[in-house]
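Here is a structure to walk through step by step. Keep the 3D view open as you read.

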Amino acid sequence: MAIYLDHAASTPLLPEVLEAYAEALRTIGNPSSIHGHGQRAKQALEESRERLAAVVGCEPVEVIFTSGGTESINSAIKGLFWAARAADPVRSSVVIPGGEHHATADTVDWLVRAEGARRVEVPLDADGRILPDRLAAALDSGSGAGSVALTSAIWVNNEVGTIQPVAALAEVAAARSIPLHVDAVAALGHVPVDFARSGASAMSLSAHKIGGPVSIGALVLGRRSSLVPLLHGGGQQRSVRSGTQDVAGAVAFALAAEVATARLDDDVRRMGELRDRLVGGVRAAVDGSVMRGPAPGPERVTSNANITFAGCDGDSLLFALDMAGISVSTGSACTAGVPEVSHVLLDMGVPEDEARGALRFTLGPSTTQADIDAVLAALPAAVERARAAGHSSREPAMY
Amino acid sequence: MSGGVDSAVAAARAVEAGHDVVGVHLALSRMPGTLRTGSRGCCTIEDSMDAQRAANVIGIPYYVWDFSERFKLDVVDDFIAEYSAGRTPNPCMRCNERIKFAALLEKALSLGFDAVCTGHYATILTDADGNRELHRSAAWAKDQSYVLGVLTTEQLAHAMFPLGATPSKAEVRAEAAARGLAVAAKPDSHDICFISDGDTRGWLSDHVEHAPGSIVDRDGAVVGSHDGAVGFTVGQRRGLALGVPDAGGRPRFVLEVRPRTNEVVVGPREALALARISGERFSWAGLPPADPTTPFRCEVQIRAHADPVPAEAFVHTEGGRSELVVVPDAPLIGVSPGQTAVVYVGTRVLGQCTIDRTVSAVPATVG
């Protein structure tokens with residue numbers, strides 16, 4: 001039996017979402033067309049926009065459907081940067097915390113290389129928290145808040161599950177009239193997400209992390225915020241995102257968000273019990289295992305357990321568990337399948353040789369106790385093998 | 001699985017032979033190129049994706065294992081150090097010795113595998129007593145037993161070369177096509193994988209400190225100058241820019257590179273002839289001769305694509321240090337310290353040494 005504990009990478013499509021998605025795919029017509037087919041498509045699209053807006057606490061006009069989290073984040077960060085700099089050329093700094101998703105960090109690095117932006121980093125604490133006073137200090141550093149184009153922060157860290165104090169961060173930014181973009185991709189379905197209450201200027205979302213399909217996401221852009229678009233063309237969606245709109249994707253996303261939000265409390269509690277069973281079981285069975293990030297509680301999503309195993313490489317562990325039919329992650333993005341040492345753990349101050357041995361277990365609503373028990377049964381032997389293999393950087397004895 | 005046709009077919013054959021096979025691609029650089037260019041065929045993301053597609057078609061799991069740190073230390077840095085010391089290394093042999101059949105093999109054994117299977121053209125035979133021997137492949141034109149000559153008995157015990165008995169590369173390509181592998185027509189890789197444009201001297205000048213120095217003859221007389229001794233190879237004639245031949249009107253060749261004095265020694269072609277080569281770093285690929293100190297008949301090969309030549313070899317021990325000595329029947333031309341001399345008996349690879357000492361076949365007064 002294959003066991004899937006990598007829900008932070010992607011979630012199984014919910015059966016009811018698949019059904020609604022397939023049905024909506026049959027819709028004929030471009031929602032921008034004037035005729036009846038177009039109007040019916042438009043109706044399905046706008047109903048979905050309203051439903052999603054209701055779920056995430058924003059106005060329908062603030063929902064910009066995109067192809068997913070990466071596009072949303074790129075649009076927000078580049079677009080807000082360009083708009084701020086166009087209004088005031090002095091605003092050329094971008095302030096982001098350590099440990100952000102690559103979609104954020106690499107976008108900011110691109111702005112540094114291509115647009116002469118300055119990147120200012122807010123150091124994480126040892127549990128991956130973004131502290132509001134550190135954000136304030138970063139915004140006020142250097143040439144001061146007047147030189148900052150925008151700031152961006154992840155709501156829930158996708159690797160270690162830290163829940164960030166978004167409202168407090170937004171307050172710090174708002175006090176300095178600096179737009180805050182929030183990457184809520186790993187937050188939706190795991191914590192209550194309310195855009196209006198968060199105080200953020202923009203927020204990125206993705207459907208496939210909550211039981212929806214890949215290739216549909218949203219940028220929530222506050223009605224008082226404007227940005228320079230990445231994509232130019234037909235002027236759809238406030239001209240923020242030109243391009244024919246994905247009606248079926250929007251239908252599926254809205255439904256997935258409704259389902260995930262309706263059962264949020266239940267899922268959070270259930271996943272929390274399973275996560276505690278996993279973490280407790282690992283601690284009892286494997287010496288030298290350390291859970292990274294905040295202790296279970298209000299500062300950590302219940303679906304995440306990021307555990308380092310001393311003396312081995314995460315990719316060896318991943319391999320050994322995969323051979324036992326268990327899918328987990330080493331946490332971070334890969335290039336050509338090469339796991340990198342987690343930059344999140346490094347930014348939290350975890351020593352590199354410890355960070356190498358990280359595994360990220362992420363649970364979903366469909367995870368069962370039997371799944372957890374199977375992992376606990378397979379893990380000791382996997383760790384033993386991975387420890388025998390050691391770090392790939394060690395000198396082989398076989399010369 | 002490099003992403004090339006040979007390792008893909010080797011994997012498919014291993015599966016068919018009943019083995020439980022997992023495809024592994026080695027990440028040897030932290031900054032792989034995106035697309036394959038020129039003659040390289042192993043080190044880009046495109047190659048990794050080719051390997052993964054091949055694994056999918058064969059129906060085996062596929063992983064990328066990162067050995068970039070070890071590759072840098074054991075192969076790239078070694079390559080630089082060898083050239084800096086005036087020697088001519090073979091990085092592919094070093095990779096087989098230290099990465100594929102050491103770091104990779106150890107990790108694989110620890111994770112529960114029994115062997116590393118590659119697409120090398122070489123054969124492993126087992127004698128009546130169960131001892132494993134390394135032999136040339138059936139495809140002589142493609143034979144890669146030379147670059148595997150560094151393998152020890154222990155490493156051979158965990159090596160598999162399913163292509164060894166195939167008479168030609170064309171057959172391997174045809175088989176790949178028949179199996180639906182998209183890499184069937186992919187060009188062969190050659191040159192050094194970490195030198196992306198194939199310009200070894202240019203690469204070395206970027207990675208090794210170099211300063212102008214003298215080109216001297218065998219009597220020490222200065223006959224020219226160079227921009228840096230590193231990168232000259234024994235036997236090289238071009239690129240010396242001496243302008244004139246020697247007194248006897250003969251062209252001059254590099255005889256020796258002396259990094260310590262930053263000198264390049266040149267002389268006539270006949271001065272390249274070597275009567276004897278030897279190396280303290282030697283190994284046996286399988287059982288050694290019963291008494292290796294007694295000279296035995298063999299053939300010696302000093303480059304991947306050189307012809308083997310008849311020779312006599314023996315182990316010489318003096319003052320607690322042993323070396324493998326090879327005395328060719330006819331003088332060898334153009335051998336540089338750092339190269340590997342692989343000793344064959346018939347088709348069998350008996351062993352090898354990294355050449356660290358040479359004895360000229362011609363007295364110095366000739367030059």
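Start at one helix and look at what surrounds it. The buried residues of α1(A) have a cover that includes α2 (36–56) and α8 (247–262) of chain A. Keep in mind that this is a predicted model.

Which residues of α1 are buried? In this helix, residues 15–25 of chain A, they are A:V17, A:Y21 and A:A24. Here a buried residue has 20 or more other C-beta atoms within 10 Å of its own. Now look down the axis of α1(A). The buried residues fall within an arc of 65 degrees, so they line one face of the helix. An α-helix has 3.6 residues a turn, so residues three or four places apart point the same way. Then turn to the face of α1(A) that points away from the buried side. Exposed residues sit there: A:P15 and A:A22.

Next, step back to the whole of chain A.

Chain B comes next. Its assignment lists domain 1 (5–185), domain 2 (210–271) and domain 3 (273–366). Take domain 2 and domain 3 of chain B. Their centres, taken over C-alpha atoms, are separated by 26 Å. Domain 2 of chain B gives seven residues to the contact, and domain 3 of chain B gives nine. On the domain 2 side of chain B that touches domain 3, three residues are nonpolar, two are polar and two are charged.

Now bring the chains together. How many residues of each chain are in contact with the other? Chain A brings 17 residues and chain B brings 22. On the chain A side, α10 (314–323) and α13 (369–389) are the elements that give two or more residues. The largest share, four residues, comes from α10(A). By type, the chain A side holds ten nonpolar, five polar and two charged residues.

Finally, consider the predictor's confidence. The complex receives an ipTM of 0.88 and a pTM of 0.90. Chain B has an average pLDDT of 91, and 96% of its residues score at least 70. Where pLDDT is low, the predicted coordinates should not be read in detail.

How values were computed: Residues numbered from 1 in each chain as written. Chains lettered and ligands numbered in written order. Predicted model: local features only at pLDDT ≥ 70, side-chain atom pairs only at ≥ 80, totals over all residues. Contact = placed C-beta atoms within 7 Å. Nonpolar A, V, L, I, M, F, W, Y, C, P; charged D, E, K, R; others polar. Buried ≥ 20, exposed ≤ 12 C-beta atoms within 10 Å, placed from the backbone. Arc of directions from axis to C-beta. Domains from an automatic or database assignment. pLDDT = per-residue confidence, 0-100.
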